[in-house]
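Visitor: I am new here. Could you help me read this structure?
Guide: Gladly; let us look together.

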Amino acid sequence: MDLKILNIIEAVTITTFFLSGLVLLFLSKGCSAKKALGWGMLYVGVVITAGKYLMHHYAAATLQILKPLTILMGLPVAGVFIFYLYELVYPGWVTRKKIALIAAPALLSIALYLCGFAFLFRPVSITSYGQLWDNLFSFDILMRILMVSISIGYAVMLLILSIRLSEIKEKHIIELYSFRRKVSIDWMIAVAALNFLLCLIFLFNLFTVSSSVIFLHHILSAAMYFFIAIMAFRQETVLKEENPATPDTKDYKDYKDYKEALADEWYGRLERYMDEKKPYLNPKLTLPQLASEIGKNRTNLSALIHERYGTSFLDFINRYRINEFKRILDECGAQNIKISEIYTEIGFQSRTTFYKYFTKHEGVTPSEYLRTRRETKTPEP
């Protein structure tokens, strides 16, 4: 493959970082996670650009073993995604101190290598394993090996953290939200797995002189970064004040007193509000929003739902939505109902979610339930 084509692909990858970073920064609307990712992508773009500029006159830099520019392109990426993940789950988590701590290995190794290349040495063009062995203990090669090791460490860390933080985020969702769309970060697990796969291709790329492997690595990398930018832009983050929190002493004491004296009244008030106002029809209803509407503390409302209904906020709301579906079915008749039209009217954001929760609560799919009603043609008692 022509080196000019590879240079174009590298330029496209770098441009993807800059454009994605700028779009996320300008359209973040105060979202700290999007800002963190935006600044991170700009940082990666600057690092890669600096490396490419310093090595532009080094003709063999692309087709060789342990390619310097490829190493620089892979090193800082996973670290940026780690910051984004934490900021999604814990808004305000990213601080200068934490950035310095987590990014220090990448920043120091990159700075040391680029400064050494600029002032101390010229990179060794390694086109065979014999040359690699002969120059194994040179500063140039040792620094490249160090940066590769750090890249692998970041990729493994990202994969582990994406799984762990997705589990934590899932707990936040079921306790705070009546929906999952655009708040779940399950997609980051797929991204982390793809990033790990790219890391393996990255390693193979480093130890081959095949332009086709380089092309594959750059194309997949650019596609992944573009996908992340789109998903990050669509992602709705938890507001800081909406994070699950342990109630303070005063709130907890008030709830205990209330539990002893006015639990039935609270329960009745919630039931009446749900029946009369039907807040569950709002597809983006959250626990803090419902608590505000009925004039109660979020922590107390969550405790009431857990104690009286034995379930999470998400299941609590979806039960009402399913009952609303059955009520409409009774009023309009099974012959006049189309599932493809009704699920959005009762508060569900997607057909898949509606099917999932209806099957969970009723033991049959909505289609089976509707078919049974049509066959019997008798209203449910």
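Visitor: With which residue does Asp-315 form a salt bridge?
Guide: A salt bridge is a side-chain nitrogen of Lys or Arg within 4 Å of a carboxyl oxygen of Asp or Glu. Here Asp-315 pairs with Lys-360, and their closest N and O atoms are 2.9 Å apart. The pair links distant parts of the chain, 45 residues apart, with Asp-315 in helix α14 (residues 313–332) and Lys-360 in helix α16. This is a predicted model, where local features need pLDDT of at least 70, side-chain atom pairs count only at pLDDT 80 or more, and totals for chains, interfaces and linings use all residues. Residues are numbered from 1 along each chain as its sequence is written, and side-chain values use heavy atoms, leaving out hydrogens and water.

Visitor: Is Asp-315 buried or exposed?
Guide: Buried means under 20% relative accessible area, exposed over 50%, and partly exposed in between (1.4 Å probe, protein chains only). Asp-315 is buried at 12%, whereas Lys-360 is exposed at 53%.

Visitor: Which residue does Glu-362 meet in a salt bridge?
Guide: Glu-362 meets Lys-326, at 3.4 Å from N to O. Glu-362 lies in helix α16 and Lys-326 in helix α14, 36 residues apart. Helices are DSSP runs (H or I, at least four residues), numbered from the N terminus. Glu-362 is partly exposed at 28%, while Lys-326 is buried at 13%.

Visitor: How many salt bridges are there in the whole structure?
Guide: A search finds six. Another one joins the side chains of Glu-167 and Arg-164, at 3.5 Å from N to O.

Technical notes. Helices (H or I, at least four residues) and strands (E, at least two) are DSSP runs, numbered from the N terminus.
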